[in-house]
Amino acid sequence: MFVAIAGAGAFVAVLLRPRPELLRPAASLALGCCLLAAVLLPPETSRQVGSGWLAGTPLLRIWLILASASFLGLHLLATAAGWQRNLPAAMLGGLAAIALAIGVPDAAAGATFATAGGFLAALSCLVLPLQVAGARLGADLLRIPALALLLLVPATALPAVVAGDVELGISIAIAAVAGASILRGSIPPLHRVAVTAATTAPVAALPLLLAWMPAAFLLVAVEWRSGLGSTAGVELLLVGLGLATIVYAAIGCFLQRDAALLIVYSTAQDAGFVLFALAAPAEASGSSLEAARIWLPLFAAAKAGGWALVIGLLAAGSSSRMDDLQGWARRTPLLALALLVLLIGNYGLPGLLPFEARRDLVAASMSDGVGLVVVGAASILPVLAFLRLLLIGLRAGEPPRPEADARSGTGKANPEVEDDPVTRDGLRVERTPETPDAAGVEQDQPPGIGRTMRSRLATARAQAIGLALSLPGPAAVAALPARLAGRGRSPSGQERLTAVVALLLALLPFAVALGVGDLGAAAAGPGARELIERLP
Amino acid sequence: MPALVIFGAIGVVLGSAMVLLSRDSRAVVIALGIVLVLSPVAAAPLPSIPALGFRVVAALLAAYLVQLGFRRVRRHLVDAWLGGATEAAFVGLAAGAGLLLGPLSLEQPTGLTLAAGLASGTAAVNLLLFGREPIRTGSGVLLAIVSAGLLRGALAGPADDLGQAAVAACVVAAATAVGWLGLTGARAGIELDMTAFGRDIRGGG
């Protein structure tokens with residue numbers, strides 16, 4: 001039923017694509033129906049489809065509730081703060097793909113469904129007008145799932161057919177599946193595509209692209225791995241790779257000066273924990289699988305909340321660059337609360353599900369105490385980076401005006417989209433400047449073109465100050481006098497709405513981390529394969 | 001039954017080679033269509049009739065979507081890496097390796113499926129890693145999906161109906177994304193000459 005609703009919703013979204021005024025409410029309705037269908041999903045159910053079987057498990061139910069709620073919130077955010085016509089179809093198709101990927105007992109079919117969802121997610125990142133960087137990103141977003149599928153699907157059949165050295169066959173298969181997981185999980189060094197996506201693609205599409213679909217793929221990989229025997233060598237390699245990933249991503253996260261890239265590097269680190277699940281020996285595979293089943297939906301929901309936070313920052317008139325984020329928490333305290341809630345939902349505290357799941361993942365494959373300490377220390381760095389973001393938000397100051405911020409974009413500005421700020425993220429910041437005194441300089445033209453002598457002197461003075469303070473962009477620099485005068489503006493309705501929705505999305509992983517929904521019990525229960533095997 | 005498998009395997013191998021050899025976008029689409037339509041019958045036992053129908057319809061739809069996206073592409077395409085003839089020779093070698101590695105008998109023509117899978121996989125990897133134009137990269141994506149299914153079929157037997165549906169859905173989703181990439185690129189009037197994998201990444205961080 002859920003698959004039928006999501007599939008039908010995606011089909012309708014494609015048909016209504018030329019009519020945005022109909023598409024938005026239709027997509028809202030479809031996503032709401034998906035959420036309802038997920039809530040009403042029976043705890044254990046199975047259905048035969050031709051010669052195959054689909055299984056509904058408690059774990060699948062929690063996945064679908066989290067994903068549906070997450071996508072509904074992101075759709076509302078995109079509706080309030082901008083629009084992207086491919087997104088509803090991609091989200092609804094992605095929901096169907098997640099349900100099928102986790103509900104089929106066969107790993108190859110599950111990975112294929114997850115890959116299909118990845119292609120739909122890539123579709124939502126190609127927006128008009130397309131720039132060269134966007135086209136290149138689109139090509140990369142198609143290459144990576146295809147390569148991962150080509151690695152994983154044959155590998156799942158390899159152990160059964162390798163004659164003679166069974167351990168060699170298993171080692172090769174695990175290595176191939178690990179390679180596929182690295183590709184899909186944006187694990188370093190392949191996180192560069194995620195970095196490019198964060199600076200080029202619409203922000204509302206990024207949770208589907210970088211969190212939910214990769215998480216479904218990784219779950220399929222881990223479920224398959226848990227059924228194999230132990231091998232030496234490749235496990236040590238995976239543990240080393242996991243450690244390197246976590247440390248590298250933690251350092252990268254800590255050094256970031258952009259909130260969007262902060263999310264990207266924290267995603268890379270969190271996905272790296274899956275490598276430990278793939279490396280777990282046979283005797284610990286049960287606990288490792290359970291920990292991965294807890295960790296992956298929390299990871300996806302938390303990253304979606306993180307991207308919702310970035311949308312909130314962008315809609316509040318700030319860019320996501322930390323240099324421009326002074327005082328954001330004072331202006332929108334709901335967003336600050338969302339950040340705190342998100343930290344607990346993502347990283348957890350001792351005794352909460354996220355913390356315990358990450359510890360169990362590492363402990364299952366690494367008994368060395370030094371390694372655990374290294375992972376623990378590396379896990380703290382992203383938390384410190386997020387707290388630094390919060391501290392910047394609590395400082396007194398004003399973010400630059402919307403026109404300036406839309407140009408400054410996130411990270412290193414992509415020069416090909418700089419002239420078209422809407423292309424950057426689909427957000428239309430349709431507001432006029434509220435501090436007319438600072439508009440002695442025209443914001444939307446390069447300084448010095450068609451200006452009076454007085455405005456040119458004002459621009460030159462502001463630029464000199466800006467150079468001294470290393471502020472970005474001529475328009476942001478020109479806004480400096482108003483900022484120094486301490487003139488603020490209260491949040492608009494749009495900002496409040498995005499802050500509320502971002503807070504609600506952050507509460508999703510938080511609630512699950514506290515035990516709502518009993519994810520722990522669901523993770524310990526049967527998976528799709530076990531459920532089908534129990535059928536008479 | 002084996003005759004159909006032979007026909008399907010030969011079609012997949014030749015179609016994969018044709019994708020690499022073609023300099024015309026229409027020829028690439030036709031070759032892709034041949035591969036997509038014939039791949040379900042390149043494995044024994046054949047899928048059920050509904051699953052087979054589903055795969056064929058999905059293949060035709062995918063070919064149409066790709067054609068829709070690239071109909072305005074300039075005719076003369078660039079070779080991916082070593083030149084079309086050399087790359088097609090690699091595809092032929094991969095097919096030969098599959099025939100040697102897999103059993104070949106009337107009852108178990110697995111070698112044919114393995115040959116088709118390795119051939120399409122070789123073409124896919126070549127296009128994915130070295131394709132310089134969206135239609136080349138997109139062709140690689142579709143060939144990769146076909147190859148994954150064929151290799152799995154050769155190693156562990158063909159997929160059940162849900163597995164076939166998964167491949168069909170993946171093919172359509174990929175073709176939609178590939179066609180959209182071509183369409184948006186054409187609208188933007190961009191000459192999309194993308195360099196090899198990993199070398200054209202921009203961005204911060």
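Predicted model: local features only at pLDDT ≥ 70, side-chain atom pairs only at ≥ 80, totals over all residues.
1. Across all chains, a search of the whole structure identifies ten salt bridges.

2. One salt bridge joins the side chains of A:Asp140 and A:Arg143, with an N to O distance of 2.6 Å. Both residues belong to helix 6 of chain A, which covers residues 132-157. They are three residues apart, about one turn of the helix. A:Asp140 has a relative accessible area of 3%, and the value for A:Arg143 is 0%. Buried means under 20% relative accessible area, so A:Asp140 counts as buried and A:Arg143 does as well.

3. A second pair to note is A:Arg293 with A:Glu223, whose side chains meet in a salt bridge at 2.8 Å, N to O. A:Arg293 is located in helix 12 (residues 285-315) of chain A and A:Glu223 in helix 9 (residues 206-225) of chain A, so this pair ties together parts that are 70 residues apart in sequence. Both A:Arg293 and A:Glu223 are buried.

4. In helix 15 of chain A (residues 353-365), A:Glu356 and A:Arg359 are three residues apart, about one turn of the helix. These two residues form a salt bridge in which the closest N and O atoms are 2.5 Å apart. A:Arg359 has a relative accessibility of 42% and is therefore classed as partly exposed, the class that lies between the limits of 20% and 50%.

5. Salt bridges also link A:Asp270, A:Lys303 and A:Arg358 in a network. A colleague examining the charged contacts may wish to view these three residues together.

6. Which residues make the nonpolar surface patch of about 590 Å²? The contributors are A:Ile251, A:Phe254, A:Leu255, A:Leu340, A:Ile380, A:Leu384 and A:Leu387. Two elements of chain A give two or more residues to the patch, namely helix 10 (234-255) and helix 16 (369-394).

7. Within this patch, A:Ile251 may be taken as an example. A:Ile251 is placed in helix 10 of chain A. The relative accessible area of A:Ile251 is 42%, and the residue is partly exposed. Patches are made of residues with over 30% relative accessible area, so A:Ile251 passes this cut-off.

Conventions: Residues numbered from 1 in each chain as written. Chains lettered and ligands numbered in written order. Heavy atoms only, no water. Salt bridge = Lys/Arg side-chain N within 4 Å of Asp/Glu carboxyl O. Helix = DSSP H or I, 4+ residues; strand = E, 2+ residues; numbered from the N terminus. Buried < 20%, exposed > 50% of the residue type's maximum accessible area, 1.4 Å probe, protein only. Patch = residues over 30% accessible without salt bridge, like charges linked within 9 Å, V, L, I, M, F, W, Y side chains within 5 Å. Areas by Shrake-Rupley, 256 points an atom, 1.4 Å probe, with all protein chains shown as cover.
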